[in-house]
Amino acid sequence: MTYPPGSSLTQEWRYLLRYRELLRSLIAKDLKVKYRGSYLGFFWSLLNPLSLIVVYSLVLKFIMDVRQIEPLMVIAGIIPWVFFANTVTNSTESIISNANLVKKIFFPREILPLSTVLFHFIQFLLAFVVFLPAVMFFKGGRLPWTLLYYPLILLLHWSFTAGAALFLSAATTYYKDIRYLTEVAIMMVFWGTPILYTYPMVASKGLTWLFWFNPLSPFFFSYQNVVHFEQPPRPEHLIAMLLWSILMLVLGLAVFRKTRDGFAEEL
Amino acid sequence: MSQNVIEISGLWKSFVVRHNRTESLKQLFIGWLDWRRRERRQSFWALTDVGLQVERGQMVGIIGPNGSGKSTLLRCVAGILKPERGEVIVRGRVAPMIEIGVGFHPELTGEENLYLNAALYGLDRPQIEAIRPAIIEYAELEEFIDVPIKNYSTGMYTRLGFSIAVHLQPEVLLVDEILAVGDEAFQQKCLQRMMQLKSSGTSILLVSHDLAKVEKLCDKVYLIAHSRLEFAGDPVKAVAIYREKLAS
C-alpha cells in the first residue's frame with residue numbers, strides 16, 4: 001500500500017470509512033465537552049429549540065399583531081435554519097482549531113468538517129423531540145401527511161450544508177477572516193431567506209424571481225410548505241434543491257480536495 | 001527475505017517563506033491596490049533529492065543540525081506533508097510520534113482520550129478495545145484512567161501518550177526527538193519498549209540529537225545537512241562525519 005493512498009475516489013472512500021471510529025469519537029468528544037459539568041446535560045439540546053419555539057409563538061401570537069404571520073410558519077423554518085447557521089459558522093473553524101492534529105498526524109482531513117456537520121445534525125435531530133409536539137399542538141393534535149416529504153428536503157439540505165462546510169473550512173485555512181465574513185453574512189442571509197415570510201407573501205409582491213438568487217430559499221419555501229401549508233414542495237423548488245445540493249457538495253469536495261494537502265503547511 | 005517497509009526516492013520538498021504574508025481577505029485586497037504590501041513569496045528547498053530505505057525490523061536514525069530538514073522528512077513519511085517530487089512508499093500502518101499526546105483534550109478522562117487518540121491513528125473500536133488494557137497497564141494509570149487529564153501530572157500525560165503510540169502495533173513507528181522528555185527511568189522504559197517492538201518486526205525511524213544513543217541503537221543512520229543527504233549507512237561512521245562537521 002502506498003501512503004497516503006492513491007487518489008481514486010473509491011480508494012479514498014474506503015480510506016475514509018476506515019476512520020469512521022475517529023469521526024464517531026470526535027462527535028462524542030464535542031458532545032461530552034459541551035455538556036460535561038452542566039446540570040441538565042443533553043437536555044440543553046432540547047431546551048434550545050424549545051425556547052425558540054416558545055418565544056416565537058408567544059411573540060407572534062400575542063405581541064406582534066401581524067395576521068399574516070403564524071407561529072408554525074416561522075417555526076417550520078427556524079429549526080433547520082439554526083442547524084444551517086450553526087454548522088456553517090462553526091465549520092469555518094473546523095480545520096484551524098484543530099491545527100495541532102493536522103500538523104502532526106495524518107488522517108483524512110474531511111473528517112474534521114464532517115464531524116462539525118454531524119455534531120450539529122445530531123442537535124437538529126434532537127430538536128425533533130420538541131418540534132413534532134409543537135407541530136401537533138398547532139395542527140390540533142395531528143401531523144400533516146406532507147411531513148413525509150420532510151426527510152427528502154432534509155437530505156438535500158444536509159448535502160448542501162455539508163458542501164458549504166467543506167468549502168468554508170478549507171477557505172478559512174487560507175484566509176482567516178472568512179470566519180468573520182461568514183458570521184456577518186449569515187445574519188444577512190437570515191433576512192434574505194424565507195423564514196419570517198412565505199412564498200405567498202413573496203408572490204403577492206411579484207418578487208419570486210429575486211429568490212432564485214438565494215440557493216437557500218427553495219429549501220425554506222419547501223419546509224414551510226410541508227409543515228405549515230400542508231402542501232408538497234413546488235416542483236421548481238424540488239429541482240432547484242436537487243441542483244443546489246449536488247452543486248454545493250461537488251464544489252465543497254473539489255475545493256477541499258484541491259487544498260487539503262497544503263493545510264499542514266498553511267496553519 | 002528482507003523487504004523495504006519505507007522506500008523513498010528522489011524526494012524534493014519545498015517550503016514557501018512569505019514576506020508580508022496574506023492571511024486575510026483584507027490583506028489580499030490591499031495587495032491588489034498597493035504592490036508594496038503585496039505578499040512576496042520566496043521558496044526554498046527543505047529537502048533535495050533525498051532517498052531513504054528502511055527494512056522490516058530496522059531502526060534507522062536521522063541526524064543533522066537544526067533546520068536541515070529532518071523533521072520535514074519524517075512528516076513526508078507520515079503523509080502530513082506532500083513532497084513536490086519523488087515517491088514515498090510506506091508498506092503498512094504508520095504511527096507518527098511527532099509529539100506525545102496529540103489531540104488530547106483536557107476535559108476528557110484518560111480513557112476517553114485513549115479512545116480518541118487511538119482513533120486518530122485509524123484504529124476501529126474492537127481494535128482499540130483489544131489494546132486498551134495493555135495501554136493502561138503499561139502507562140501505570142489503572143487508578144487514574146477515569147480522571148480528566150487536565151488533572152494529570154506531566155509524567156502521567158506523557159506515559160499515556162507514549163503508551164498509546166507504542167501499542168498501536170504499527171509497521172512503522174516515526175519518532176521525533178521525544179526521547180528527550182521524561183526522566184531517566186521513563187526514557188529507559190521507552191527505549192526498552194522500542195527495542196521490543198523492533199524485535200517483533202516494527203521498523204522505527206528516529207530523528208534525534210542524542211548521537212551516543214543513535215550510534216548504539218540504530219542499524220543505519222542518515223545524515224542530513226543543508227537539505228541534502230550527506231551520508232547514509234554505518235551509524236558509527238555517520239556520527240563521526242557529523243561530529244567532524246560540527247567541529248569544523
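Visitor: What covers the buried residues of helix 4 of chain B?
Guide: This is a predicted model. The cover over the buried residues of helix 4 of chain B includes helix 3 (110-120) and helix 5 (154-166) of chain B.

Visitor: Which residues of helix 4 of chain B are buried?
Guide: They are B:Ile128, B:Ile135, B:Ile136 and B:Ala139. The term buried requires 20 or more other C-beta atoms within 10 Å.

Visitor: Where does helix 4 of chain B have a kink?
Guide: The kink, of about 40°, is at B:Ile131, shortly before the proline B:Pro133. After the helix comes B:Glu140, which has a positive phi near 55°.

Visitor: What makes B:Asn113 a buried residue?
Guide: B:Asn113 has 26 other C-beta atoms within 10 Å. The cut-off is 20 or more, and therefore B:Asn113 is called buried. This residue is placed in helix 3 of chain B.

Visitor: Which residues does B:Asn113 contact, leaving aside its neighbours within four places in sequence?
Guide: The contacts are B:Phe104, B:His105, B:Leu108 and B:Ile149. As for B:Glu137, its C-alpha lies 15 Å from that of B:Asn113, and the two are 24 residues apart in sequence.

Visitor: Why are strand 5 (94-97) and strand 9 (228-233) of chain B called edge strands?
Guide: They belong to an open sheet in chain B, in which 6 strands follow the order 5-6-7-3-8-9 with mixed pairing. Strand 5 and strand 9 each pair on one side only. From one strand to the next, the twist averages 15°.

Visitor: How do you know that strand 3 and strand 7 of chain B pair?
Guide: Pairing requires at least two bridges. Strand 3 (residues 59-63) and strand 7 (residues 203-207) of chain B have 4 bridges, so they count as paired, in the parallel sense. One of the bridges joins B:Val60 to B:Leu205 in strand 7 of chain B.

Visitor: Which strands of chain B run antiparallel to strand 1?
Guide: Among them is strand 2 (residues 40-55), joined to strand 1 (residues 4-19) by 12 bridges; here B:Arg18 stands opposite B:Arg41. Strand 4 (residues 85-90) of chain B also runs antiparallel to strand 1, with 5 bridges, and B:Ile6 stands opposite B:Val90.

Visitor: How many residues of chain A and chain B take part in the contact between them?
Guide: Chain A supplies 28 residues and chain B 31 residues. On the side of chain A that touches chain B, helix 2 of chain A gives the most, with 6 residues. By class, this side of chain A has 14 nonpolar, 3 polar and 11 charged residues.

Visitor: What may be said of chain B as a whole, in helices and strands?
Guide: Chain B has 8 helices and 9 strands, and buried residues make up 41% of its 248 residues. Its C-alpha trace spans about 60 × 50 × 35 Å along the principal axes.

Conventions
Residues are numbered from 1 along each chain as its sequence is written. Chains are lettered from A and ligands numbered from 1 in the order in which they are written. This is a predicted model: local features need pLDDT of at least 70, side-chain atom pairs count only at pLDDT 80 or more; totals for chains, interfaces and linings use all residues. Two residues are in contact if their C-beta atoms, placed from the backbone, lie within 7 Å. Helices (H or I, at least four residues) and strands (E, at least two) are DSSP runs, numbered from the N terminus. Ala, Val, Leu, Ile, Met, Phe, Trp, Tyr, Cys and Pro count as nonpolar, Asp, Glu, Lys and Arg as charged, and the others, Gly among them, as polar. The bend at a residue is the angle between axes fitted to the seven residues ending there and the seven starting there. A residue is buried if 20 or more other C-beta atoms lie within 10 Å of its own, exposed if 12 or fewer, and partly exposed in between; C-beta atoms are placed from the backbone. Axes are lines fitted to C-alpha atoms, for helices over the stretch in contact, and angles run from 0 to 180 degrees between N-to-C directions.
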